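Let's take a friendly walk through a protein chain. Have a look at the sequence and the model, and then read on.

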Amino acid sequence: MKIQKIRIMAKEHGINSFGKTKTNLIREIQLSEGSFDCFGKATGFCDQKECCFRSLCLNDIKTLDRKKELPTLKTAMPKFYSTKYLLAGMFFED
């Protein structure tokens with residue numbers, strides 16, 4: 001679902017969409033409809049069958065799972081290793 005359609009839905013619910021992310025807008029729409037503001041928080045299962053964002057939410061979770069970044073050496077190692085590479089127990093300088 002494109003952000004323009006979500007903005008139109010938000011306007012119909014009396015929600016100002018200026019400067020808000022797609023996720024935040026959807027959560028505000030969910031609250032205004034009387035649902036939980038749970039968009040993107042499900043872990044593969046959703047019991048909110050009446051929510052109009054249900055399929056989008058579950059598809060986004062699958063997409064996010066595929067897009068999880070593997071830790072790089074700089075994020076996985078402490079700062080003092082940030083300019084060195086560890087390979088087979090040997091250090092290589094940049």
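Along the sequence they follow the pattern α-α-α-α-β-β. Please keep in mind that this is a predicted model.

**How confident is the prediction?**

The mean pLDDT of the protein chain is 75, and 63% of its residues reach 70 or more. Confidence is highest in α2, at 93, and lowest in strand β1 (residues 84-87), at a mean of 52. Over residues 64-70 the pLDDT is below 50, and this stretch has zero contacts in the model beyond near neighbours in sequence. Where pLDDT is low, the predicted coordinates should not be read in detail.

**Two helices that pack**

Two packed helices are described by the angle between their axes and the distance between the axes. Helix α1 (residues 3-12) packs with helix α2 (residues 22-32) at an angle of about 30°, and their axes are 10 Å apart. The crossing of α1 past α2 is left-handed. Which residues of α1 and α2 make the contact? From α1 come Ile3, Ile6, Arg7, Met9 and Ala10, while α2 brings in Lys22, Leu25, Ile26 and Ile29. Sorted by type, the residues of this contact are seven nonpolar, no polar and two charged.

Now look at each helix in turn. In α1, the buried residues are Ile6, Met9 and Ala10. They sit on the same side of α1, because they cover an arc of only 100° around the axis. An α-helix has 3.6 residues a turn, so residues three or four places apart point the same way. The buried residues of α1 pack against α2. On the face of α1 turned away from its buried side you will find the exposed residues Gln4, Ile8, Lys11 and Glu12.

In α2, the buried residues are Leu25, Ile26, Ile29 and Gln30. Their arc around the axis is only 140°, so they too lie on one and the same side, here of α2.

**What follows the helices**

Just after α1 comes Gly14, with a positive phi of about 75°.

Two loop residues make a handy pair to study. Ser17 has its place in the loop between α1 and α2, and Glu33 lies in the loop between α2 and α3 (54-66). Is Ser17 buried or exposed? The cut-off for buried is under 20% relative accessible area, and Ser17, at 16%, counts as buried. Glu33, at 36% relative accessibility, counts as partly exposed.

| Residue | Relative accessibility | Contacts |
|---|---|---|
| Ser17 | 16% | Arg7 and Leu25 |
| Glu33 | 36% | His13 and Cys52 |

One of the partners of Glu33 is His13. The two residues are 20 residues apart along the chain, and their C-alpha atoms are separated by 8.2 Å.

**The whole chain**

Let's step back at the end. Of the 94 residues in the protein chain, buried residues make up 21%. Among the contacts with a separation of 6 or more, residues 24 or more positions apart account for 10%.

Note on methods: Residues are numbered from 1 along each chain as its sequence is written. This is a predicted model: local features need pLDDT of at least 70, side-chain atom pairs count only at pLDDT 80 or more; totals for chains, interfaces and linings use all residues. Side-chain values use heavy atoms; hydrogens and water are left out. Axes are lines fitted to C-alpha atoms, for helices over the stretch in contact, and angles run from 0 to 180 degrees between N-to-C directions. Helices (H or I, at least four residues) and strands (E, at least two) are DSSP runs, numbered from the N terminus. A crossing is left-handed if the near helix is turned anticlockwise from the far one by less than a right angle, and right-handed if clockwise. Contact means heavy atoms within 4.5 Å. Ala, Val, Leu, Ile, Met, Phe, Trp, Tyr, Cys and Pro count as nonpolar, Asp, Glu, Lys and Arg as charged, and the others, Gly among them, as polar. pLDDT is the predictor's confidence in each residue, from 0 to 100. Buried means under 20% relative accessible area, exposed over 50%, partly exposed in between (1.4 Å probe, protein chains only). The arc is that of the directions from the helix axis to the C-beta atoms.
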